[in-house]
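Me: I am new to this structure and would like to get to know it step by step. Could you walk me through it?

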Amino acid sequence: MKEERKVGEPTTAFKGATWAALLIGVTGYLIGLFNASMELNEKGYYFAILVFGLYAAVSLQKAVRDKDEGIPVTGIYYGISWLALIISVSLMGIGLYNAGSIVLSEKGFYGMAFVLSLFAAITVQKNIRDTQKARDRD
């Protein structure tokens with residue numbers, strides 16, 4: 001029997017689209033790194049930035065949402081969340097700008113896959129929280 005969607009719960013199609021975007025972004029980024037002709041330490045740098053960025057984006061989304069809903073969030077955590085996201089995006093931009101061994105089309109690919117992954121991670125986390133909140137109301 002089909003379960004009814006609760007008020008405030010995202011649709012199954014939207015949840016699927018956000019998970020697909022996250023998987024496509026992260027998988028594309030990682031396949032690009034695997035196939036890249038750069039040194040292993042450079043691949044590690046770009047991998048670490050992806051993981052750091054994903055964590056920072058989800059952490060910031062949670063802190064912003066908590067504040068909006070009246071859940072206490074310390075100023076230091078809120079500030080660190082913003083700082084972590086800014087640093088991860090900056091490190092990606094600086095790394096791509098200074099990467100002489102990567103052609104411009106690859107730089108664009110990594111940048112777009114990174115941004116897609118961050119956006120999708122935020123949206124997936126939001127969908128999970130919205131679904132949980134909608135189900136807790138009943």
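Me: Which residues make the nonpolar surface patch of about 390 Å²?

Reply: First, a word on the source: this is a predicted model, in which local features need pLDDT of at least 70 and side-chain atom pairs count only at pLDDT 80 or more, while totals for chains, interfaces and linings use all residues. Residues are numbered from 1 along each chain as its sequence is written, and side-chain values use heavy atoms, with hydrogens and water left out. A patch is built from residues with over 30% relative accessible area and no salt bridge, where like charges are joined within 9 Å and nonpolar side chains (Val, Leu, Ile, Met, Phe, Trp, Tyr) within 5 Å; the areas come from the Shrake-Rupley method with a 1.4 Å probe, and for residues only the protein chains shown count as cover. The nonpolar patch here is made by Tyr 45, Phe 52, Leu 83, Ile 87 and Leu 91.

Me: Which element gives the most to the nonpolar patch?

Reply: Helices are DSSP runs (H or I, at least four residues), strands are runs of E with at least two, and both are numbered from the N terminus. Two elements give two or more residues to the patch, helix H2 (40-68) and helix H3 (75-98). The one that gives the most, with 3 residues, is H3.

Me: Is Leu 91 buried, partly exposed or exposed?

Reply: Leu 91 has its place in helix H3. Buried means under 20% relative accessible area, exposed means over 50%, and partly exposed is in between (1.4 Å probe, protein chains only). Because its relative accessibility is 32%, Leu 91 counts as partly exposed.

Me: What pattern does the chain follow along the sequence?

Reply: The secondary structure comes to 4 helices and 0 strands. Of the 138 residues, 39% count as buried, and the C-alpha trace spans about 55 × 40 × 20 Å along its principal axes. Read along the sequence, the pattern is α-α-α-α.

Me: Is H1 roughly parallel or antiparallel to H2?

Reply: Axes are lines fitted to C-alpha atoms, for helices over the stretch in contact, and angles run from 0 to 180 degrees between N-to-C directions. Helix H1 (residues 12-35) and H2 pack at about 165°, their axes 10 Å apart. Angles under 35 degrees count as roughly parallel, over 145 as roughly antiparallel, 65 to 115 as roughly perpendicular and the rest as oblique, so H1 is roughly antiparallel to H2.

Me: Is the crossing of H3 and H4 left-handed or right-handed?

Reply: The axes of H3 and H4 come within 10 Å and cross at roughly 165°, which means that H3 is roughly antiparallel to H4. A crossing is left-handed if the near helix is turned anticlockwise from the far one by less than a right angle, and right-handed if clockwise. H1 passes H2 in a left-handed crossing. The crossing of H3 and H4 is right-handed.

Me: How far apart are the closest N and O atoms of Lys 126 and Asp 130?

Reply: A salt bridge is a side-chain nitrogen of Lys or Arg within 4 Å of a carboxyl oxygen of Asp or Glu, and the whole structure has 9 salt bridges. Lys 126 and Asp 130 both lie in helix H4 (residues 104-136), 4 residues apart, about one turn of the helix. Lys 126 is partly exposed at 35% relative accessibility, whereas Asp 130 is buried at 11%. In their salt bridge, the distance between the closest N and O atoms is 2.4 Å.
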